[in-house]
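Hello,

Here is the structure for your files. My notes on it follow below.

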Number of protein chains: 2
Amino acid sequence: MAGTSRTRVQHFAVSLDGFGTGVGLSREAPFGHAGHKLHEWMFATRWGRQMFGQEGGTRGIDDALVRQFSHGIGAEIMGAGKFGPPGWHEDPDWTGWWGANPPFHTPVFVLTHHPRPPLEMEGGTTFHFLDAAPAEALAAARDAAGGMDVRIGGGPSMVRDFVAAGLVDHMHIVVVPVLLGRGVRLWDGMESLEDRYDIEMVASLSGVMHVMLARTGG
Amino acid sequence: MAGTSRTRVQHFAVSLDGFGTGVGLSREAPFGHAGHKLHEWMFATRWGRQMFGQEGGTRGIDDALVRQFSHGIGAEIMGAGKFGPPGWHEDPDWTGWWGANPPFHTPVFVLTHHPRPPLEMEGGTTFHFLDAAPAEALAAARDAAGGMDVRIGGGPSMVRDFVAAGLVDHMHIVVVPVLLGRGVRLWDGMESLEDRYDIEMVASLSGVMHVMLARTGG
């Protein structure tokens, strides 16, 4: 089944100027000065509201596309900066941003220079902590995914690392019409990516632009 | 009439990673390593083909939007880097990239630290060379525009300067699905621009994304 397992970035939001996160990240501000600007569109969808136990929400293009988040995914790999605020590795009680029942429901491999024992949460999410290069982390995630796809979870610098290593099959990037001015850029180091990926863009009435990058022939 | 004269950036193309021009600009490569990548979509339009005396071309959204280039425009301001390759000011015979009959057909104010006498071309284009700050250049262009709009012609760094000075009313930016990786960025220094501009995005079937930024209440 390994041959059919794909690696996918799902609805990764960036500003019009290309930043995937702001500056000044902290426990109170997971995206720094970006605040909620990059994700308001997602919290307006039915799927986004359900994540927080809320009713209502839109059922259009945005909602349909964010639902790809879990379809066919057997594991995620995320960067250390996604799992917690700067310095989380010094807090033995830190279990991520997502409460007792995180929205992943699969094994999640957290890339960190400070590994710790696996952390089993409610709902099927188990965090594994790995000090590993992208290819090695992907091998571990593929093993755990049982033939299903592996989500490349972000943040921006780990996505760049995996793209640079040629390990990403599909990216769904959401360009939000805000300008952050500062932060961590997603697109750096991807010169001529259009030679290796088919790129499609579609605007949603919500105001965001969905960019799909699919590895050519993949 | 001055109160109704607006300043407009028209179909300024950037890569998905935000570069308005590449690196290695020269007489043979006006956009450096970007080659024609940023403008192929435009040369596919009927308007773009007519510019080069060619037949055919598309008549869709891209064509309709590029035709805004000249409607209601009475003058243009451009940066030195748009008028010629690096060092053009040392060549007294340099008259721009556009041949005897440039596509502007209005006064054009070229910002340069090396002014020279005005250059009258065929078809109504006269190049004026100014060593001036953005506000001063805009005053001169407004005088010449006779109550019509002033085009902010680029390149990317002069657009940024005019935006930073609060002098731009409307921007039509075209995001092209290529990644240049290197060059001059358009969006730098525009943090929180969404607080001052209404931003709309629409995808064209040609594959590019049109981004309209209109000064709020303007």
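This is a predicted model: local features need pLDDT of at least 70, side-chain atom pairs count only at pLDDT 80 or more; totals for chains, interfaces and linings use all residues.

At 38% relative accessibility, A:Ser157 counts as partly exposed, a class that lies between buried (under 20% relative accessible area) and exposed (over 50%), with a 1.4 Å probe and protein chains only. The residue sits in helix H6 (residues 156–164) of chain A; helices (H or I, at least four residues) and strands (E, at least two) are DSSP runs, numbered from the N terminus.

Residues are numbered from 1 along each chain as its sequence is written, chains are lettered from A and ligands numbered from 1 in the order in which they are written, and side-chain values use heavy atoms, with hydrogens and water left out.

A:Met51 belongs to helix H2 (residues 46–51) of chain A and, at 36% relative accessibility, counts as partly exposed too.

On the two copies: a rotation of 180 degrees with 0.0 Å of shift along its axis superposes chain A on chain B, RMSD 0.0 Å (least squares on the C-alpha atoms of residues with pLDDT of at least 70 in both). That is the relation of a two-fold axis. Within chain A, A:Ala203 comes closest to the rotation axis, its C-alpha at 2.9 Å. The copies meet through the same surface, because 100% of the interface residues of chain A are also interface residues in chain B (contact means heavy atoms within 4.5 Å).

Regards
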